[in-house]
Amino acid sequence: MKHTLYLECTHGISGDMTAAALLDLGASRHVLEQALNSLPLEGFAFKISTVQKAGLRACDFEVVLAQENHDHNMEYLHGSTVQKTETIPEHSHAGHTHHAHRHLSDIYTILDQACMTDTAKKTARRIFEILGRAEAKAHGTSLEEVHFHEVGAADSIADIAAVAVCLDNLQISDVIIPALHEGCGTIRCQHGILPVPVPATANIITEHHIPLKLTGIQGEFVTPTGAAIAAAIRTSGQLPEQFQITRIGIGAGKRTYERPSILRAMLIETPEPDSSLSEDAIYKLETNIDDCTGEAMGYVLERLMNAGAKDVHYFPVFMKKNRPAYQLNVLCQEADIPKLEQLIFSQTTTIGIRRQRMARSILPRSIQDFQTEYGLAQAKICETSSGTRIYPEYESVARICRETGASYDEIHRKLQAICCRQLSGTAGNFAQESNGSYRE
């Protein structure tokens, strides 16, 4: 079963936050431990725990290094001016003084030797490729030559591998990320003090067209690793109009900022569409007319229907200064708009037409001919999830009524019964509905 993931990045995103959120969402801890323990890296360990963030229970995923790590040292990152009330993102630019400087090919070799599925390896490689391109652009070098400093360290490799493994384990097929929310100010990294968002993050957001919202709060909420993860896995920026949340996971960050460092991940489902329905679009043309007679409106309705309109109706309205008027509405296909608008302008006194594109759901239908005791008659056949419906066409019913003198309802019922017999061979296969139609 495939799942859709919605990442709510209103408090930022980083590697460890994403891994923690996916673990809290239900990714297998055992599978993750196997993968991380198989990485050919030294000097790191990891732990998974439960913490409190802004009074909320959250999962914490932490990679512990044998050497000093400044990633979550707020004094180092921002100096003494930062207000210390809560936490957010990970490591990306925090002065890893002794971290190994790896090329992209070195990281690929590490990932290839890990106990991960091919899908997880592909995701991890994709994240690092996006990071590499962003770093190469920031430093004016090539993808092959760029050195990974912070993001090439053991903790960043473990974070990205953890995210890839958890996504694969949860069988995530689509990821919705509407926007990334970022702070402002500056942050210290190995290359010095840089503005937020840092160049690598800004490059990723720019290249992959991810909407960015600035919070105005001092701090870095979106790390390069977090931005690269978002760019690699994001398949849509638009939530469905309606959906159900089946599971929620909250991942905790480490840094202390004014805004709590949590990343909320949700598995969502959309209602299954009715398989009997198809969708298309139709246009509505609308205008208010206060100086046309009823006869003229009746005439233009007939002309519009003959010119290809799907439906036409008009009804009384009151306009400005309490003027009595008609509102004319025309439903049509896009290709018919020019000729129908021209007809409205030429046959009425209107000087403006409103136009609206409307989505619609339609039942499969067809017009079929039936041989009856009254001659050839037509009926509309509609397929629904509950069966087949039969609607005799008005013109056929009206013709027979004129020829026989019988009532409209009588001929309509007789034609429905005849059509049912011819369609099924047995009248008992169809049941009459309250609206007078027949259902199989």
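A nonpolar core is taken here as a set of buried Ala, Val, Leu, Ile, Met, Phe, Trp, Tyr and Cys residues joined through side-chain atoms within 4.5 Å, where buried means under 20% relative accessible area, exposed over 50%, and partly exposed in between (1.4 Å probe, protein chains only). The model is predicted, so that local features need pLDDT of at least 70 and side-chain atom pairs count only at pLDDT 80 or more, whereas totals for chains, interfaces and linings use all residues. Residues are numbered from 1 along each chain as its sequence is written, and side-chain values use heavy atoms, with hydrogens and water left out.

The largest nonpolar core holds 69 residues, of which Leu5, Leu7 and Phe61 touch the most other members. Helix α6 (residues 154–169) gives the most to this core, with 11 residues, helices (H or I, at least four residues) and strands (E, at least two) being DSSP runs numbered from the N terminus. Apart from this core lies another, of 18 residues, including Ile289 and Leu340.

Across the whole structure, 16 salt bridges are found, each a side-chain nitrogen of Lys or Arg within 4 Å of a carboxyl oxygen of Asp or Glu. One of them joins the side chains of Asp16 and Lys254 at 2.7 Å, N to O; because Asp16 lies in helix α1 (residues 15–25) and Lys254 in the loop between β9 (244–252) and β10 (262–269), the pair ties together parts that are 238 residues apart in sequence.
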